[in-house]
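Subject: Structure handover

Hi,

Here is the structure for you to look over. My notes follow below it.

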Amino acid sequence: MRKAPISFLSRFSRHNPKSFSPLLSRNYISSSSSSPLVSLTHLKPCAKTHGLFFKRNQFRTNPFRNMDTLVERPTQLSSRQRKVKQKSELEEAFESANTAEEMLKAFKDMESAFDETELGLASLKLGLKLDQEGEDPERTLSFANRALKALDKDGKPSLSIAMTLQVMGSANYSLKRFNDSLGYLNRANRILGRLEEEGFSSEGVMPVLHAVQLELANVKMAMGRREEALGNLRKCLEIKEVTFEKDSRELGKANRDLAEAYVAVLNFKEALPYCMKALEIHKKQLGQNSVEVAHDRRLLGVIYTGLEEHEKALEQNELSQKVLKNWGLSSDLLRAKIDAANMQIALGKYDSAIDTLNGVVQQMDKDSETRAMVFISVAKALCHQEKFADTKRCLEIACVILGKKETTSPVEVAEAYSEISMQYETMNEFETAISLLKRTLALLEKLPQEQHSEGSVSARIGWLLLLTGKVPQAIPYLESAVERLKESFGPKHFGVGYIYNNLGAAYLELDRPQSAAQMFAVAKDIMDVSLGPHHADSIEACQNLSKAYGGMGSYALAIEFQQQVIDAWESHGSSADDELREAHRLLEQLKKKAHGASSNDLPVRALPLPHTSVSSRSSQPDVPVVRKLSSIN
């Protein structure tokens, strides 16, 4: 599976933390929402039925009449009645407040008349309002804390406690306290599960559960636990499927959101059916020429590009451009044209791509990030034509623009630097490529939500250092990459296996065969699971393991693994005749060495993680760590 060009992925690799769909806490207090997931009715009855505020009392008066003058005297209220009336008036003032400022003022007035337990639901409602505005997460958290202390006293699960925990999770997310956020959200999730088991109305639970699952996805994405986050997003879609009518516009949007999330982790195969479903719904509800359909087609083009179905990608892009042009959406149209140029490059239509990009660049602001992306794409086309001097000029222009944006747009700039470094790799300018990658890493290290990218860049630096003979320098980068990518994609992801293999190659270069054997064994285990034992790269890992055992003098094990290499290549038939002959030759060398003959020319190969994939890998998200230089053309 090919890594999609940067201009495709920069819009999908980082969702706005609240962008998948509106959060419950942002909408429970919005009377404009028509969505049943965010209905206002879920909050205000909660405040009323839990006895927080007294309903306005209709006080019955018994007027005292002076029979002589018939003048009515006002009834004197008792102290208790005055307090009840005061609370009723304060409640009404709070309930009628619209802005956060009005609510804060009303709440301050209430503090003198209500105790903390009575203020629990008011604190929750104020926390929801502040979380909606998102400007002061610390203040949001303080009100949510007060609400939790007031509401969570008997240990019994309730919807209001779950809502409070969701607000606390959202506020901690905004403060980048991801572990705290995860703790609150997981507890909210458990409470909602108990409420469902106890027969609580799904109409009440589902909106809160949707908000919790969505926030869990946001937090896990930020922590680099992207595979887990996708599970939460799938749950969000399932909730909407039982909440909305079949083929509703809301379901179309939800399917596209999930497709974009899969694209963000480069899992194009899984993204495809969700994007197709979104397109089907939007065409049915809005017609072929709607903006939503245009956006679906553009995303579909990205997905087809990732699947290396470039003709289909270009077809969807052209259909999208027609609609965007008719609607006068110039900025979206320009981005679609850049996408089209990258598709033309993938199809080998370099001159057409350059013509397209030359037309686009004239319409860009001089120092815009998008203009830098255009120059990167032009450079890619020129590089394919082996016009290296022109390629470097375009890349230098892009770097000048990007250098001004490092502070304001660090993620976008890091992605661009990574893309530029790949082109320098193509031109065998490895020192420049390494320098750019280190610059990229410096930006990503400050962004905890980009842990997966940090791991990928570390792996590429390690590979290039290994390639250029700087083995001791390579090892720390490779070790760092392993840890980050294991946390992001799991310990059995094929990309982790490639890095372990490279660590083994590095240790073998340093004459540490035992450490090398350990790394190769882990790599083989991962690749056998993720790619299959007969995949070419799995066979190479097994070959390297045989080499390591040979270096340790453990010839029996070395011969055993070399025989596995032979068996695996035999399963490929005549297409692997050359590899099979080489495997037999190495087996004979090992046998001679085992009998005392001296031979030390067994090869060991470091395996860069390629950009392209084979069918056995296509069902998994790709990790753009490094490229196989020999495959570049």
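Is glutamate 582 buried, partly exposed or exposed? Glutamate 582 is partly exposed, at 31% relative accessible area. Buried means under 20%, exposed over 50% and partly exposed in between, using a 1.4 Å probe and protein chains only.

Some ground rules. This is a predicted model, where local features need pLDDT of at least 70, side-chain atom pairs count only at pLDDT 80 or more, and totals for chains, interfaces and linings use all residues. Residues are numbered from 1 along each chain as its sequence is written, and side-chain values use heavy atoms, with hydrogens and water left out.

Salt bridges: the count is 32. The rule is a side-chain nitrogen of Lys or Arg within 4 Å of a carboxyl oxygen of Asp or Glu.

- Glutamate 582 pairs with arginine 585, with the closest N and O atoms 2.8 Å apart. Arginine 585 is partly exposed too, at 36%.
- Lysine 380 bridges to glutamate 419 at 3.3 Å, N to O. The two sit 39 residues apart and link distant parts of the chain. Lysine 380 is buried at 16%, and glutamate 419 is buried at 7%.
- Lysine 87 bridges to glutamate 118 at 3.2 Å, N to O. Lysine 87 is buried, at 16% relative accessibility.
- Asp247, Lys277, Glu280 and Lys284 form a salt-bridge network.

One more site: serine 158. Serine 158 counts as buried because its relative accessibility is 17%. Leaving aside neighbours within four places in sequence, serine 158 contacts Ile191 and Leu195; contact means heavy atoms within 4.5 Å.

Best wishes

Conventions. Helix = DSSP H or I, 4+ residues; strand = E, 2+ residues; numbered from the N terminus.
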